[in-house]
Amino acid sequence: MNIKWEKIESLPIRNHLDTICEKLKTSTSRFLVLTASTGAGKSTALPLALLEHFSGKILMLEPRRLAVLNIAERTAELLGEKTGETCGYKVHLESRVSSKTRFTVLTEAILTRMIQNDAELKGVSVVVIDEFHERSVHADLALAFLKETMQLRDDLYVIVMSATMDTDKIARFLGT
């Protein structure tokens with residue numbers, strides 16, 4: 001993987017990426033609650049670090065289709081690739097993934113269907129729920145399903161992140 005780190009050096013999250021990944025790996029609950037200001041690089045830089053630190057697939061949930069497309073495009077650009085190679089996306093009636101895809105950005109409802117088809121989410125290492133402060137029924141359902149899936153597997157990790165959420169409340173719910 002040829003990540004163009006120089007393009008994101010100025011992002012506030014950049015110097016914390018390895019620490020975030022290590023904290024996730026060593027978390028006894030396998031959950032991590034992450035908050036940082038808007039524009040810090042949570043949605044674009046963090047997936048790149050996760051790709052380096054975890055061997056399986058990375059899924060990132062976004063509440064809006066436009067965000068899915070923009071994040072997938074930007075992340076692919078930072079890898080020097082086209083969307084659908086290492087980084088892809090899935091939205092209602094449209095998908096750009098391949099057998100090489102390790103990072104998939106998707107709308108929240110897509111994960112619900114994925115878990116219904118594969119309760120263990122085989123091959124997935126990390127699921128990131130972005131913009132959790134928007135609290136849709138799909139995000140809440142995804143989090144509930146993920147808690148059940150994590151009982152089936154001891155190698156699945158979940159990050160819940162947002163610029164503006166009640167971190168204490170969600171951390172208590174997740175047991176972190």
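Let's start with a charge over a ring: Arg14 lies over the face of Trp5, 4.2 Å from the ring centre. A charge counts as sitting over a ring when NZ of Lys or CZ of Arg is within 6 Å of the ring centre and within 35 degrees of the ring normal. Lys147 also has its charged end over a ring, that of Phe173, at 3.9 Å from the centre.

A word on the model: it is predicted, with local features needing pLDDT of at least 70 and side-chain atom pairs counting only at pLDDT 80 or more, while totals for chains, interfaces and linings use all residues. Residues are numbered from 1 along each chain as its sequence is written, and side-chain values use heavy atoms, with hydrogens and water left out.

Next, look at the helices (DSSP runs of H or I, at least four residues; strands are runs of E, at least two; both numbered from the N terminus). The axes of α1 (residues 17-26) and α2 come within 9 Å and cross at roughly 55°.

Finally, the structure holds 1 aromatic pair. Phe54 and Tyr157 are 5.4 Å apart centre to centre, with 55° between the planes, and count as tilted (centres within 6.5 Å; under 30 degrees is stacked, over 60 edge-to-face, the rest tilted). Phe54 lies in the loop between α2 (45-53) and β2 (57-62) and Tyr157 in strand β7 (residues 157-162), so the pair ties together parts 103 residues apart in sequence. Both Phe54 and Tyr157 are buried (under 20% relative accessible area, with exposed over 50% and partly exposed in between; 1.4 Å probe, protein chains only).

How values were computed
Rings of Phe, Tyr and Trp (its six-membered ring) pair if their centres lie within 6.5 Å; planes under 30 degrees apart count as stacked, over 60 as edge-to-face and the rest as tilted. Axes are lines fitted to C-alpha atoms, for helices over the stretch in contact, and angles run from 0 to 180 degrees between N-to-C directions.
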